[in-house]
Every structure is written in C-alpha cells, then in structure tokens.
Amino acid sequence: MPETRVSVRKTYKLYIGGSFPRSESGRTYLVDGDNVALASRKDLRDAVVAARKAQPGWAGATAYNRGQVLYRVAEMLEARRAEFGTLGVDAAELDAVIDRWIWYAGWSDKIGQVYGAANPVAGPYFNLSAPEPTGVVGVVAPASFLGLTSVLAPAMVTGNTVVVLAGAPQVAVTLAEVLATSDVPGGVVNLLTGRAAETAPWLAAHDDVNALDLTGVSDPQLAAELERAAAGNLKRVLRPPADGNDFRRDPGLQPMTALLEIKTVWHPKGF
Amino acid sequence: MTATLHQAGDLRSVLHGLPGVDKVGVEARAAALGTRSVKTTAKAAAIDLAIRMVDLTTLEGSDTPGKVRALSAKALRPDPADPSCPPVAAICVYPAMVPVAAEVLAGSGVHLASVATAFPSGQAPLAVKLADTRDAVAGGADEIDMVISRGAFLAGRYDHVFDEIVAVKQACGDAHLKVILETGELGTYDNVRRASWLAMLAGADFIKTSTGKVPVAATLPVTLVMLEAVRDFRARTGRQVGVKPAGGIRTTKDAIKYLVLINETVGDDWLSPDWFRFGASSLLNDLLMQRTKLTTGHYAGPDYFTLD
Amino acid sequence: MFEYAPAPESRSVVEIAPSYGLFIDGEFTPGKDVFKTVNPASEEVLAEVAEAGPEDVDRAVAAARRAFGTWSALPGPERARYLFRIARIIQERSRELAVLESLDNGKPIRESRDVDLPLVAAHFFYHAGWADKLEYAGFGPDPRPLGVAGQVIPWNFPLLMLAWKIAPALATGNTVVLKPAETTPLSALFFADVCRQADLPPGVVNIVTGAGDTGRHLVEHPDVNKVAFTGSTEVGRQIARAVAGTGKKLSLELGGKAANIVFDDAPIDQAVEGIVNGIFFNQGHVCCAGSRLLVQESVYEPLMESLKRRMATLRLGDPLDKNTDIGAINSAAQLARIRELSDVGAAEGAERWSPACELPEQGFWFAPTIFTGVTQAHRIAREEIFGPVLSVLTFRTPDEAVEKANNTPYGLSAGIWSDKGSRILAVADRLRAGVVWANTFNKFDPTSPFGGYKESGYGREGGRHGLEAYLA
C-alpha cells in the first residue's frame with residue numbers, strides 16, 4: 001500500500017427536492033480549492049417548486065414526527081464532527097449547533113401550546129387560535145454554521161419548507177448531506193450555493209414564496225431592495241437584526257413565530 | 001307520501017334525514033327578528049291580527065262553568081267598550097267544559113278547542129285518549145289539541161307516536177287536530193323539527209309548541225323551527241299546516257315578534273287565524289290595552305279591561 | 001304582506017358641526033384645505049372637514065412624539081384607567097355614535113347600534129385590561145412600546161377600525177396619529193371629543209383627516225415607528241414598499257375573497273342565514289365577506305331556492321330606519337366599482353339575480369345580487385367586489401372544495417357549514433385563511449385575533465396576538 005493514498009474529493013452540489021443536482025446552468029465556482037455549484041435563477045425556481053410540493057406533507061406530519069426528525073439531524077451531526085472540523089467549524093461552535101437543533105427539536109410539539117390561545121369570546125362559541133406554518137420560506141442565510149442552523153431549524157420545526165441561499169457553501173452542503181440522511185423528507189430544505197446577491201432578488205420577488213428571512217444580508221441597501229421586492233405578494237419579512245448577529249444568544253420565540261400564521265376557528269356551542 | 005312512508009317503516013330515516021338545526025344560529029336569527037320595530041299603523045294592524053289569532057285559554061283544575069261562560073263571552077267581545085275590536089279565534093278548555101263554552105259560542109264563528117288525550121302528560125292508554133277526544137267532539141269542540149307521547153318519542157318509538165296521532169285524527173272526525181309537541185321536553189331543536197314532521201306526516205292540521213304545564217313553553221326560536229318545518233312540508237307535499245305557540249306569551253311586544261317571525265319566514269300565507277294561533281290567556285288584555293293606547297293616544301290601566 | 005311602518009331612529013340625537021378641524025395635541029386646528037363629507041343615502045353634505053397637508057402631518061407626529069415620553073412612562077394601571085374611561089364614555093354615548101356612523105357611512109342603524117358600537121366599547125374595555133399585564137402576554141419579560149404609530153383605516157367600519165387600531169396601541173404605551181377614510185371622518189372626530197372628555201393627555205391621540213396623500217405622508221413620515229393599515233391589498237403593497245428598509249414595524253389587514261363552503265349535511269336554514277350575513281352584512285363592504293359561495297352539488301338546488309326566498313325578505317333603504325337590512329353604498333366611486341365588476345360578471349356569462357327591490361332615487365344604492373354559474377375563471381370569483389354581490393360556485397367533494405377555496409392570492413377568512421365534526425375540523429385545518437367560521441360567519445370579538453394569510457396581509461388584530469404588533 002502506498003503511504004499516502006490519493007484521496008477521493010467531494011463534489012459540492014445543490015440540494016433540491018432531496019437530490020443533489022448540479023446547477024442547471026452548468027456553472028461552478030471555486031471556494032477554497034473546491035468546485036462548488038453556482039446556482040442560477042432557474043435552480044431557484046426549481047427549488048421553490050420542490051419546497052411547495054413538500055410543504056403540505058411536512059406541515060401535515062405530526063409535531064412529534066417533526067421533532068424526531070430534527071433530533072435525528074443532531075445525531076447525524078454528532079457523527080460527522082470530524083468532517084465539519086476539517087471544514088473549519090470549531091468544536092465549540094459545533095456543540096452550539098448540535099444543541100440548537102436539539103433545542104428546536106423540542107419545540108415542535110410545544111410552540112402550538114405556547115403561541116396558540118383559547119379565546120373567551122362574549123358568546124356561545126368555541127374559539128381557538130392555533131399557529132400554522134406560513135408555507136414556503138426563502139432564507140438568505142448567514143455564513144456561520146450556527147447562523148445557518150439558527151435560521152433553518154426554526155423554519156423547519158414550525159412546518160415550513162425552505163429555500164436557503166447558503167453563505168459558506170461547503171459547510172452548508174455538508175449539512176444538506178446530513179439532512180438527506182436524517183429522514184428530512186425531500187424538498188423540505190432546498191439549498192443553493194453561489195452568489196446570494198444574484199439569486200436573492202428572484203427569491204424575494206417569487207410569488208410562490210410566503211416569507212423571506214434576510215438574517216444573512218449584511219448590506220442594508222440590498223436588504224431594503226429585497227424587502228421592497230418582497231412586497232409584491234406581501235411576504236412576511238424578517239429583517240436583518242438591527243443589533244448584529246450574535247447567534248449564541250437565546251433566540252427566543254421570534255424566529256419561529258415570525259414564520260407562523262395564526263388561524264382562528266369559531267364554532268357555535270349548543271345542542 | 002304519508003302512507004307510503006309509514007308502510008315502508010321508513011319514518012326513522014325520514015326524520016333523521018332532515019337537515020340539522022344549529023342552536024346558536026336559530027336563536028340568533030330569532031333574536032334578530034325580535035329587534036324589528038313595528039310602530040304606528042303597522043302596530044295597529046298587528047294588534048288586531050294578533051287578537052284574531054288568540055286561542056283564549058283556561059286550563060285549570062279550578063275551572064267552573066261560570067268561569068268558562070265568562071271567558072267565552074270575552075272571546076266574542078274582547079273589548080265591550082269598542083265594537084270595532086275583533087273577536088278572538090277560539091276558546092280553549094278541558095273536555096268537561098266544552099258543552100258550557102259551546103252554548104255561549106254557538107253560531108258566533110269563534111271556534112271551540114279542547115285539550116283531549118289525557119292532557120297534559122299524555123300518559124294514558126290509547127283507548128282513554130280516543131274516548132276523551134270523541135267526548136270533546138261530541139260536546140261541540142271543532143278543534144282538538146292533543147299531546148304526543150314525549151316518552152315514546154324520546155325513546156325513538158316513532159311508529160308508536162305516529163299511530164296515536166293517526167288514531168286521534170280519525171276520532172276527531174271533522175274537527176281540526178292540533179298536535180302539541182311539548183317542545184320544552186324535547187331537549188333539542190333537532191327533535192323539534194323531527195317531531196314537527198312526524199306530526200304533519202301523521203295528519204296534524206296544526207302543530208303546537210306546548211301545554212303550558214311545563215317550565216319551558218313557547219319560545220321564538222322553537223316557533224321559528226316549527227315555521228320552517230311547515231314551510232318545507234308544504235313545499236314537499238303541497239299540504240299546509242298551521243302553527244300554534246302556546247304558553248308564556250303575555251305581551252303585545254311578544255306577540256308582534258311572532259308575527260314578524262311568520263312574516264319573514266313563511267310569509268303571507270300563514271298570517272291568518274286559519275294558520276296561526278296564540279295559545280294564551282293574559283296576552284289578550286295586554287293587546288287590548290295597547291290597542292286602546294293607539295286609538296285614544298294615552299295609556300290605560302287594568303281596571304279598564306275585563307278580567308276574563 | 002305585513003308591512004312595517006317607517007321606524008326611523010331620530011337624527012337629532014347627534015349634533016354635527018358645520019365644520020371640523022384636525023385633532024392635534026388635544027386641540028382642533030385648521031388644515032391646509034377642506035373637503036366635504038356626505039351622507040351616502042341622500043348625497044346631502046354633512047360637514048366640511050379639514051384636509052391635512054404634509055406640515056399638518058408633521059405637527060401631528062411631533063405632538064405624538066412629545067406625548068410618547070410621558071405616556072409610555074405612565075404606569076400600566078394609569079394608562080388602563082384612561083382606556084376604561086374611553087370605553088365607558090363610548091357605551092354612554094353609543095346612541096349618538098351609532099346615528100353618526102350610519103349617517104356618514106350609510107350602514108343600517110340596526111348594525112351600527114347592535115354590532116359596531118358594542119364591539120367598539122368592548123375593544124377598548126378588553127385592551128384597557130392589558131395595559132398593566134403586558135409582561136404576562138407572552139412576548140418576553142420586558143415588552144416595550146414602539147413609539148409613534150401611524151394608522152390608516154378604511155370607511156367600512158369607521159369607528160370599529162379606529163378601535164382596533166387605537167386601543168392596542170395605547171394599551172401598549174404607544175401614541176397615535178390616525179387617519180380615517182375621507183368618506184367617513186365624522187366618528188373619528190367625535191372620538192377626538194371622547195378623548196378630551198376622558199382627559200386623555202394631549203398628543204396621545206391625534207386625528208388627521210384627508211385622502212390618500214395625507215395617508216402617504218403619515219406612513220412615510222420618518223418619525224413614525226409603527227405603521228398599521230387596513231384597506232385594499234394594492235395600497236397595502238405600496239405601503240409595504242414604502243416602509244421597506246426603514247425599520248418601521250408594519251401590520252396590514254387587506255382584502256379578501258372568502259369561500260363560504262356549504263356541505264350537503266349543513267344545517268340548511270342556518271347556512272342560509274350565514275350566507276346572507278356573510279355577503280350582505282354592511283352592504284358587503286367587509287374585507288372578510290363570504291363573497292364566494294361554494295355549494296356541494298347534491299344540495300345546490302334546494303339551497304339556492306332557500307337563499308333566493310330569504311333574499312326576497314331583505315329590506316333595503318333608509319339606513320336610519322330600524323328595520324333596514326341593507327343600507328347605502330358608501331360612495332359614488334365604490335358604487336361605480338361594484339357596477340363595473342357586476343357588469344363584467346354578466347358579460348362573462350354568469351347568471352345574475354336580484355330580488356324585486358326598489359332603490360331610492362337619491363344616494364348610492366345597489367340591490368343584493370347573486371351570480372350563479374360562476375367558475376374559478378370568472379373575474380367575479382377572483383377579484384374583491386366589496387359590495388352586496390355573491391358569486392356562487394359548486395363542488396363535488398371536500399377535496400375539491402378545499403382546493404377551490406384556497407385557489408386565490410387572498411387568505412383572510414372562510415366559512416364551513418356541515419353537521420359533521422370531523423369534516424369541519426379537517427377542512428378548517430386545510431383552509432389557508434386567518435379566520436375560519438364553522439357553522440357561523442362574520443363573528444368578531446376583541447379577544448379573538450383577526451387577520452390574514454398570503455395577500456390578505458400580516459399581523460393580527462385583537463386577542464393576545466394583536467398586542468405583538470405594538471410591542472418591541
């Protein structure tokens with residue numbers, strides 16, 4: 001056996017509808033010596049279609065099931081510690097990432113209780129407000145792994161499906177590989193690598209996207225433009241946090257509630 | 001329709017195939033209609049119509065010939081001071097009092113109704129109920145107010161209730177049959193609708209809410225459900241059936257709410273004493289007082305109206 | 001037929017001044033111009049009202065900013081007491097307000113008296129109680145107000161929409177500049193007087209009257225921290241664009257094209273009432289109106305027969321008559337839009353029906369109308385008409401009903417009529433709408449959050465959830 005084996009390198013591809021296709025454009029770009037797929041607007045279009053298709057099934061899964069799937073993501077991450085280490089994710093950040101997946105996994109069957117309400121209306125009516133996923137969420141993700149986790153997990157756990165424009169591509173695609181092996185149904189997360197500034201306007205203006213998370217947008221000018229484009233179909237917009245992106249803080253409920261709709265059901269009571 | 005349904009043993013599926021009634025919805029609708037504002041000329045017309053719809057009633061253990069004669073006289077001339085005041089529709093008494101009332105009312109056009117069939121509970125053998133009915137008719141009653149067996153109805157023995165009504169209807173001969181559902185004991189509006197259809201299928205000429213002897217008597221929403229039933233029954237069979245709320249209707253304001261209910265649910269065709277009655281006693285004096293207020297322009301007091 | 005004699009509510013219970021100024025910093029002041037507000041039932045001019053220009057909006061926002069410091073610092077129980085006072089004054093003066101609302105808006109007095117005013121008072125009462133309990137509302141231990149709220153409201157429920165906007169804003173410690181619709185400013189100006197009667201500190205509530213330009217100045221004002229708008233989806237979109245990049249918090253309650261779904265096991269008489277209430281309540285000037293009736297084919301004919309019979313009893317006419325069910329269309333412009341879309345419906349081949357109905361000669365009127373034979377491809381099945389016009393479609397299975405109901409960019413409300421519990425729950429689950437009324441319709445309550453999915457807007461009004469729109 002030779003002393004140094006010629007290693008098998010990984011090709012970093014997109015993650016759409018549960019598969020790992022190349023960009024339909026055939027374009028790639030170099031990141032730290034790796035060829036990475038450079039997503040086009042048509043890849044984005046395909047990703048939205050996949051997300052929309054997967055949405056009812058994911059929203060219709062039981063909260064228990066979604067929680068188990070997110071927990072499985074944490075398990076798979078734990079198993080891939082070494083790989084993430086070689087991609088520059090330090091142990092402390094990886095711990096935080098895994099903890100965050102577990103934290104959100106636990107929310108799946110609690111957010112409805114915490115964020116719903118039984119309303120004491122002045123009449124003989126049953127009146128219940130319950131949160132539901134807003135639908136397909138477009139995300140411009142922050143570059144850090146903890147940042148990516150902190151925008152992805154709350155969208156997923158609430159039953160939304162996601163099209164995410166990734167920051168650091170190798171970490172993101174490796175996470176996609178984790179998702180693909182964690183019982184996350186195909187299409188629930190669709191991940192595009194490339195230039196967010198190129199694809200994000202298409203995402204913001206897409207009429208079949210219900211919400212837009214701009215947490216990863218650092219240029220205020222671009223954030224304003226994307227927010228303006230999102231007004232076309234009145235997307236719910238999560239603006240970049242005004243006080244910076246310290247993802248180690250307690251996220252609170254807002255990352256989940258911003259992607260939830262409240263549905264209130266009335267029914268008379270009487271026999 | 002009546003005969004074929006019954007022979008096929010399909011009564012249950014017919015009654016349970018009727019559309020449901022949403023309690024909150026029907027009560028809200030009745031309450032909304034209750035806010036109609038009926039004033040001036042409309043009120044005057046409504047009061048006279050309501051008087052003509054009254055089944056002036058006394059159903060007490062203490063009824064005597066003297067009491068019934070007085071009430072019958074009042075039925076003919078509710079307001080002795082005003083000859084333009086119309087007579088009521090009918091007198092309603094126990095079978096034992098029928099001959100007394102018949103004597104006073106003879107030839108007047110005011111009908112004579114009697115509560116037969118072991119009123120108010122209906123808990124007697126059929127033979128007794130039929131004899132009760134035949135006696136009342138023989139004594140001069142031209143309208144019979146019978147009670148259904150609520151126990152049998154609630155137990156789902158629809159055929160039994162149906163057969164009783166058919167038998168009483170036969171015993172009535174030419175007399176009109178009003179079937180009392182005792183809605184206060186039926187528990188649900190769904191049951192009110194089913195009992196209404198059951199009575200109509202069995203041949204009732206009128207369906208009536210209550211005996212007046214249980215805590216809950218006529219209400220607007222119950223009457224609304226019954227009006228919907230007679231409306232739908234006519235649409236299906238071509239036969240028109242009357243409605244009589246009874247018990248608890250004491251004021252002109254109440255009576256007008258019922259007229260509004262008729263007006264906006266079944267319309268003109270039922271706005272007549274032939275198709276709608278109020279089973280009431282104290283209501284009449286309130287109608288008379290309001291009538292006098294409209295004609296004289298000032299309020300009157302109870303001393304200006306006859307006791308009975 | 002039993003004819004009801006006229007039963008008019010007395011117009012003289014409320015005093016209308018010949019002219020009104022802007023309510024800024026606790027005082028009525030002139031604006032840059034004036035406009036007239038008319039009674040849509042008679043076209044009679046009711047009053048002249050000031051139109052706020054950019055400088056007037058500046059003054060109002062500045063007054064609200066000045067007031068914000070002390071108002072937001074006021075202990076919760078103190079703020080609560082002002083709101084309780086306002087609620088009580090509204091209860092005591094609700095007859096005046098109901099008449100005023102019907103005069104300026106054209107809605108039947110029966111509705112302003114029995115629906116609008118009781119809900120307005122209840123809304124203030126409910127939010128008054130929140131003012132000193134915000135830390136228990138579930139939005140963190142230290143919920144803080146946003147600052148100055150710029151609020152723009154529509155003409156369909158002038159005072160109720162004011163209550164939906166002002167009550168939560170004040171309870172959470174914000175101050176307000178509110179612009180009522182240009183065709184219905186009077187009840188908001190009356191409310192200004194209620195604020196004075198309650199000794200509300202000057203500047204906490206400011207009312208600027210005017211049209212679209214005034215509203216634009218308000219929502220684009222750099223010193224406004226929060227924008228709340230109820231109105232059309234088109235204007236909502238413009239506001240969302242204008243607010244982009246500013247950091248202002250935004251809540252929008254926009255249009256709708258609600259499906260009212262009737263299954264063959266529905267409680268039919270109540271369903272008919274629900275259909276009528278769903279589309280003819282407030283002349284159909286209701287964003288959550290049940291304007292698309294989806295009927296299961298197996299019950300189509302008897303249902304339509306019942307509906308037509310019921311519609312024939314609707315009483316259209318003088319809004320102040322206590323027996324009127326359908327009042328006047330709010331403005332000539334709205335009437336023109338209703339006519340235009342109805343003509344499109346007829347031209348596209350849908351069958352048009354109205355009961356025999358005499359329309360008054362003066363004023364703006366439109367007979368209750370239904371279109372049958374409508375499909376998803378008809379414009380009247382897709383566009384919001386905002387009038388007493390119902391489009392009737394059919395379906396065969398629950399799946400088809402849900403698909404058709406959701407096949408719209410809107411998602412505000414929906415109705416379900418069925419006696420089968422499991423079906424109701426399953427359909428309610430799948431409808432993409434913020435409010436689902438099952439076996440009822442058009443019910444509102446201050447404790448119950450209201451608002452839409454998709455292009456019907458975002459944020460909720462009312463209930464615990466409604467507070468979130470006014471808290472940081």
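This report walks through chain C of the model, from its overall fold to its domains and its interface with chain A.

**Confidence and overall fold**

Please keep in mind that this is a predicted model. Its scores are ipTM 0.97 and pTM 0.96. For chain C, the mean pLDDT is 98, and 100% of the residues reach 70 or more.

Chain C is built from 14 helices and 18 strands. Its C-alpha trace spans about 65 × 50 × 35 Å along the principal axes. Buried residues make up 62% of the 472 residues in chain C. If you look at the contacts in chain C with a separation of 6 or more, 72% of them join residues 24 or more positions apart.

**Two domains within chain C**

The domain assignment divides chain C into domain 1 (11-254 + 453-470) and domain 2 (259-438). The C-alpha centres of these two domains of chain C lie 30 Å apart. Where they touch, domain 1 of chain C contributes 22 residues and domain 2 of chain C contributes 27 residues. On the domain 1 side, the elements of chain C that give two or more residues are α3 (94-105) and α4 (109-130). That side of domain 1 has seven nonpolar, seven polar and eight charged residues.

**The interface with chain A**

Chain C also meets chain A: 35 residues of chain C are in contact with 30 residues of chain A. The table lists the elements of chain C that give two or more residues to this side.

| Element of chain C | Residues |
|---|---|
| α8 | 233-243 |
| α13 | 421-430 |
| β17 | 435-438 |
| β18 | 457-458 |
| α14 | 463-467 |

By class, the side of chain C that touches chain A has 14 nonpolar, 13 polar and eight charged residues.

Which strand of chain A pairs with β17(C), and in what sense? Strand β10 of chain A, residues 260-268, pairs with β17(C) in the parallel sense over three bridges. Within this pairing you can pick out T264(A), which stands opposite V435(C) in β17(C).

How values were computed
Residues are numbered from 1 along each chain as its sequence is written. Chains are lettered from A and ligands numbered from 1 in the order in which they are written. This is a predicted model: local features need pLDDT of at least 70, side-chain atom pairs count only at pLDDT 80 or more; totals for chains, interfaces and linings use all residues. pLDDT is the predictor's confidence in each residue, from 0 to 100. Helices (H or I, at least four residues) and strands (E, at least two) are DSSP runs, numbered from the N terminus. A residue is buried if 20 or more other C-beta atoms lie within 10 Å of its own, exposed if 12 or fewer, and partly exposed in between; C-beta atoms are placed from the backbone. Two residues are in contact if their C-beta atoms, placed from the backbone, lie within 7 Å. Ala, Val, Leu, Ile, Met, Phe, Trp, Tyr, Cys and Pro count as nonpolar, Asp, Glu, Lys and Arg as charged, and the others, Gly among them, as polar. Two strands pair if DSSP finds at least two bridges between them. Domain bounds come from an automatic or database domain assignment.
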